[in-house]
Structures are given as structure tokens and as C-alpha cells.
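Please read the following note alongside the sequence and the model. Its points are numbered so that each may be checked in turn.

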Amino acid sequence: MTRGSGTTETKSGREAGAEGGKKADAKAAKAVGVKRGRKADAKAVRETGAKGGREADAKAVKEAVKKPGANIHELISRLSEHYPDARTALDFTNPLEILVATILSAQCTDERVNIVTAKLFKKYRKAEDYYAVPQEELENDIRSTGFYRNKAKNIRGATRMIVERYKNSFPNMMETLLELPGVARKTANCVLSNAFGIAAGVVVDTHVLRLSARLGLTHEEDAEKVERDLMAQVPKEHWIHFSHWLINHGRAICKARKPMCRECFLNDICPSAEL
Ligand code: SF4
């Protein structure tokens, strides 16, 4: 099961599913509000297995050694060689779809999101379609992704703003995207990089957070601070690919609970390698 890249947003109050340990969980749960909704959300999260992974991620970040980081150029060279076709695992065909898919991916697996969006994107083709239906109808259509009440609210708010404020011209700047309900830096970076090829920052999801710590590229735990550290070290032309590489590596080898250091092609330059 692949955990979604929709995690580690620092604007967790606005974006259900920020992945920052118990504190973010509590905030997100609070945002969802209604007790019944919380119960259903908890069930959905249990089903995706996201919570256990989140805890393992937080533990991995805390345990990561604080030594000088891996040589960034060597790291980029090896990662690009091993993951030449790395891209987002979320299915989409336009900016609106990647925005919706990224919002849904918070605390959910990309596989689950793709199952849901396969139907969703046939039903909701334009931004206005998302708020033309009652909130409950959209909630039902996205229910299995968890935190569906808050996600539906954010999707409806964001799509309404795209239509009413931006006259259906999809925003392609970080500052503008951050104005949309439920959108913080990770989601904005996802949209900009995947839909427009714009490198405004580095997507920091749960895998990027964990691997950045293990590789000694940051000593921070907050996603925005980690992103700043990465932007300072990774040449800008690699910002987009860098997060895809780390996400691929996190899923394949440097797993949250049990990193496979012996098989890892980075084990001679990684300060956290356990051999
Ligand atoms: S050696 Fe590889 S698997 Fe082990 S912690 Fe480092 S990057 Fe992760």
C-alpha cells in the first residue's frame, strides 16, 4: 500500500489531513468537528493504514542522526539514475484534477485516491460542478478517502474561488494558490510542478520529510522549514524531481518502519545507514 503524497502541510487547520503527528491529527479531527464524522474518518484512516505509517514517520524523523548530510550532488546523481521516470502517483489530466486529487490524498493512499477520482472526475468536469451539488453529495462521493467533510468543504471553497475570483482561469502562482481554501505549500507545489512544470519550491510530503532527516539534509521537523533547507541545497532545476525521487525511494527502500539499508544504493553516503 502506498501512502499518499498529500501530507505534512503546515496549514493543517485549513487542510484536513496535514501529516504532522498527533498534534496535526487532533487539529484535523477538530476541523472535521462532528463526532460521527470523526468516527467515520478514523475508520477510513485505519483502513488506509495511514495513521500507523504517520507515527512511524514521526519516529523516524526524530531518530534520524544529526550528522553532516549526504553529498547533495552525489545524491542527485544516484537518485536520478535509479528513478529516471519518477512522477506523481496521482492520476490527473488537468490542473483542477491534480488540485482535487492532492486535497483528497491527505491522510489517504494514492491508490485509494485514484480509485475515487476515476469516478469523481467523470462526474465533476468543471470547477463549478463541485459546488453545484449539495455538500453531502460531494462528501458521499469522496467518503472513502477519509476526512471527507473537511475535504468536501475545501474542494467546494477552492473551486468556487477559482470560478468567482479568478474567472475560471486556474491560478498558476504560489501566492494565488495559497489563497484557496485547503491549500498550503505542499498542495500548491504539487499543482504547480505537476500541472505547470513550475518549480516554486519542493514538495515535502511524509516521505520527503522522513528521508530528508535520515539523509541529514535537515534537522527540522516542520515541513516548511524542511522545504527551506532543501531549496537551499538542491539546485533549482532539480526541485521538482527531487521530491519524486525521495518519494519513490521512501516507498521502495527507505521505508518508515524498516529502512532496507543493506539493499540501499545510498548506504555509503547516508549518515543514517544501519549496516
Ligand atoms: S541507507 Fe538508504 S534505506 Fe538506510 S536510512 Fe539511508 S537512505 Fe534510508
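**Note on the predicted model**

1. Gln107 is found in the loop that joins α5 to α6. Its phi is positive, at about 55°, although Gln107 is not a glycine.

2. Phe147 is buried, because 29 other C-beta atoms are found within 10 Å.

3. The overall fold may now be stated. The chain contains 14 helices and zero strands. Of its 275 residues, 50% count as buried. When contacts between residues at least 6 apart in sequence are considered, 67% of them join residues at least 24 apart.

4. The nonpolar interior deserves a point of its own. In soluble globular proteins, nonpolar side chains tend to be buried together. In this model the largest nonpolar core has 66 residues, and those with the most contacts inside it are Ile98, Leu104 and Val191. Helix α5, which spans residues 95–104, gives the most to this core, with seven residues. Once its neighbours within four places in sequence are set aside, Ile98 has contacts with Leu90, Phe92, Cys190, Val191, Asn194 and Ala195.

5. An α-helix has 3.6 residues a turn, so residues three or four places apart point the same way.

6. Which residues of α13 are buried? They are Ala223, Val226, Glu227 and Leu230. These residues cover an arc of only 100° around the axis, which puts them on the same side of α13. Among the elements that cover the buried residues of α13 are α11 (185–196), α12 (206–214) and α14.

7. His238 lies in the loop between α13 (223–233) and α14 (239–252). Is His238 buried, exposed or partly exposed? His238 is partly exposed, because 19 other C-beta atoms lie within 10 Å, whereas a buried residue needs 20 or more. His238 and Ser80 are 158 residues apart along the chain, yet their C-alpha atoms are separated by 9.5 Å.

8. Of the 13 residues around the ligand, Cys254, Pro259, Cys261, Cys264 and Cys270 come nearest. By class, this shell is made up of ten nonpolar, two polar and one charged residues.

Terms used. Residues numbered from 1 in each chain as written. Predicted model: local features only at pLDDT ≥ 70, side-chain atom pairs only at ≥ 80, totals over all residues. Helix = DSSP H or I, 4+ residues; strand = E, 2+ residues; numbered from the N terminus. Buried ≥ 20, exposed ≤ 12 C-beta atoms within 10 Å, placed from the backbone. Contact = placed C-beta atoms within 7 Å. Core = buried A, V, L, I, M, F, W, Y, C linked by C-beta atoms within 7 Å. Near = placed C-beta within 6 Å. Nonpolar A, V, L, I, M, F, W, Y, C, P; charged D, E, K, R; others polar. Arc of directions from axis to C-beta.
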